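Subject: A structure for you to explore

Hi there,

Here is the structure I promised to pass on to you. Have a look at it first, and then read on for what turned up.

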Amino acid sequence: MKKVLTIQDISCLGKCSLTIALPVISALGSETVILPTAVLSTHTMFSGFTCKDLSDQIEPITEHWKKENVSFDAIYTGYLGTKEQIDQMKKLFSDFKGEDTLIFVDPVMADNGKLYPAFDMDYAKENAKLCGCANIIVPNITEAAFMTGMEYKEEYDEAYIKEMLSRLNELGAKISILTGVSLSPGKTGVMGYDREADDYFVYQNDRVDATFHGTGDLFSSTCVGEIMAGKDWREALKIAADYTAHTIEVTLKNPDKPWYGVDFEATLPELLSKN
Ligand code: PXL
C-alpha cells in the first residue's frame with residue numbers, strides 16, 4: 001500500500017485541510033500519515049477562531065520517524081501557518097524524499113485576489129521557494145499572482161495564464177498547475193505546464209457559480225489520492241476537477257448546507273465507485 005504524508009493544520013470545525021485530506025486520501029486507498037501544523041477551533045473564515053501553533057512538535061515527531069526508518073511515496077503540504085514552518089518543510093522534504101517520492105505542494109494562502117488573514121507578502125515569497133522544491137504545485141490564480149509578482153486579474157485570456165505558468169515554472173517545480181482557470185464563458189478548470197515534456201495541459205469543465213471553502217483542499221487531496229492509486233497526473237487532475245465541481249453542485253442542492261464547507265462526505269462513495 002502507498003504511504004502518503006500530508007502536512008497541514010487541523011481546523012477542528014470547517015471541512016478543510018486535514019479533515020478533508022485524511023478521509024479522502026485514505027478512502028482512495030493510501031495509508032495517510034498526518035503531521036498537524038496547528039490546531040484551530042475552526043478555519044480562518046470564521047471570526048474569533050483559536051489557534052495553537054505546533055511548530056515545536058515538527059522536529060521531535062520527524063526525528064522519531066527517522067529512528068523508525070519511515071519513508072513516504074508522497075509528501076503533500078497544504079495550509080502551513082508561518083514562514084518558519086515553510087523552512088521546516090524544506091528540511092523535512094530533504095530528510096524524507098526518496099528517489100520516487102512525489103512532493104506535492106499546494107501553497108494555500110490566498111483566494112479571490114486576497115491573502116488569507118494570517119499571511120503577508122513575506123510569507124508568499126517563502127511559499128514560492130517551497131514550490132521550487134516540489135514535483136507538482138497547484139496554486140490558484142491569486143496565489144500564483146502573489147508568488148510571481150504578476151498582477152491579479154479576474155478577466156484574463158490564455159496568454160495571461162501561459163505567462164503565469166511560465167513564471168511559476170521558473171520557481172522550479174517539474175509540473176506547475178494553475179487552478180480556477182476559466183478559458184471561456186461558463187467553463188472553469190485547470191491549466192498546467194510540464195517542464196520536462198515542454199507541454200501544456202488544459203482541462204475545463206462546466207463552471208458552477210458558487211464558491212465554498214475547502215474546495216482547493218478537496219481538489220488537491222483527490223489529485224494526490226488518485227496519483228497514488230496509479231493514475232497519470234493528467235488523469236488525476238481531470239478526476240479531481242470533475243469531483244470537486246460535482247461536490248459543489250451536490251452541496252448547493254442541500255437545503256441544510258453548512259456555509260463553511262462542501263458535502264464531500266455525500267459524494268465520496270461515487271468517487272470511489274469509479275476507481
Ligand atoms: O482551505 C484552506 C484553509 C485551510 N486551513 C485554514 C484555513 C483555510 C482557508 O481559509 O483558514 C486554517
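Start with N112, which sits in the loop between β6 (110–111) and β7 (114–115). Its phi is positive, about 50°, although N112 is not a glycine. Please keep in mind that this is a predicted model.

A second residue to look at is S17, in the loop between β1 (3–13) and α1 (18–27). Phi of S17 is near 40°, again a positive value in a residue other than glycine. Is S17 buried or exposed? Its relative accessibility is 1%, so S17 counts as buried, the cut-off for buried being under 20%.

Next, a pair of helices. Two packed helices are described by the angle between their axes and the distance between the axes. For α5 (residues 141–148) and α6 (residues 158–171), the axes come within 10 Å and cross at roughly 55°. That angle makes α5 oblique to α6, and their crossing is left-handed.

Which residues meet there? From α5 come I141, A144, A145, M147 and T148, and from α6 come Y160, I161, M164, R167, L168 and L171. Sorted by class, this contact has 9 nonpolar residues, 1 polar and 1 charged.

Now for the aromatic rings.

In one of them, F46 and W259 are tilted, with 50° between the planes and 4.6 Å centre to centre. This pair links distant parts of the chain, 213 residues apart: F46 lies in the loop between β2 (31–42) and β3 (51–53), and W259 in the loop between α8 (233–253) and α9 (264–273). F46 counts as buried because its relative accessibility is 16%, whereas W259, with a relative accessible area of 47%, is partly exposed.

The other is F72 with F96, also a tilted pair, at 5.6 Å centre to centre and with 55° between the planes. Here, too, distant parts of the chain are linked: F72 is in the loop between α2 (55–67) and β4 (74–77), F96 is in helix α3 (residues 83–96), and the two are 24 residues apart. F72 counts as buried at 4% relative accessibility, and F96 does as well at 5%.

Finally, go back to F46 and W259: ring pairs link them with Y260 into a cluster.

Happy exploring, and write back with any questions!

Best wishes

Conventions
Residues are numbered from 1 along each chain as its sequence is written. This is a predicted model: local features need pLDDT of at least 70, side-chain atom pairs count only at pLDDT 80 or more; totals for chains, interfaces and linings use all residues. Side-chain values use heavy atoms; hydrogens and water are left out. Helices (H or I, at least four residues) and strands (E, at least two) are DSSP runs, numbered from the N terminus. Buried means under 20% relative accessible area, exposed over 50%, partly exposed in between (1.4 Å probe, protein chains only). Axes are lines fitted to C-alpha atoms, for helices over the stretch in contact, and angles run from 0 to 180 degrees between N-to-C directions. Angles under 35 degrees count as roughly parallel, over 145 as roughly antiparallel, 65 to 115 as roughly perpendicular and the rest as oblique. A crossing is left-handed if the near helix is turned anticlockwise from the far one by less than a right angle, and right-handed if clockwise. Contact means heavy atoms within 4.5 Å. Ala, Val, Leu, Ile, Met, Phe, Trp, Tyr, Cys and Pro count as nonpolar, Asp, Glu, Lys and Arg as charged, and the others, Gly among them, as polar. Rings of Phe, Tyr and Trp (its six-membered ring) pair if their centres lie within 6.5 Å; planes under 30 degrees apart count as stacked, over 60 as edge-to-face and the rest as tilted.
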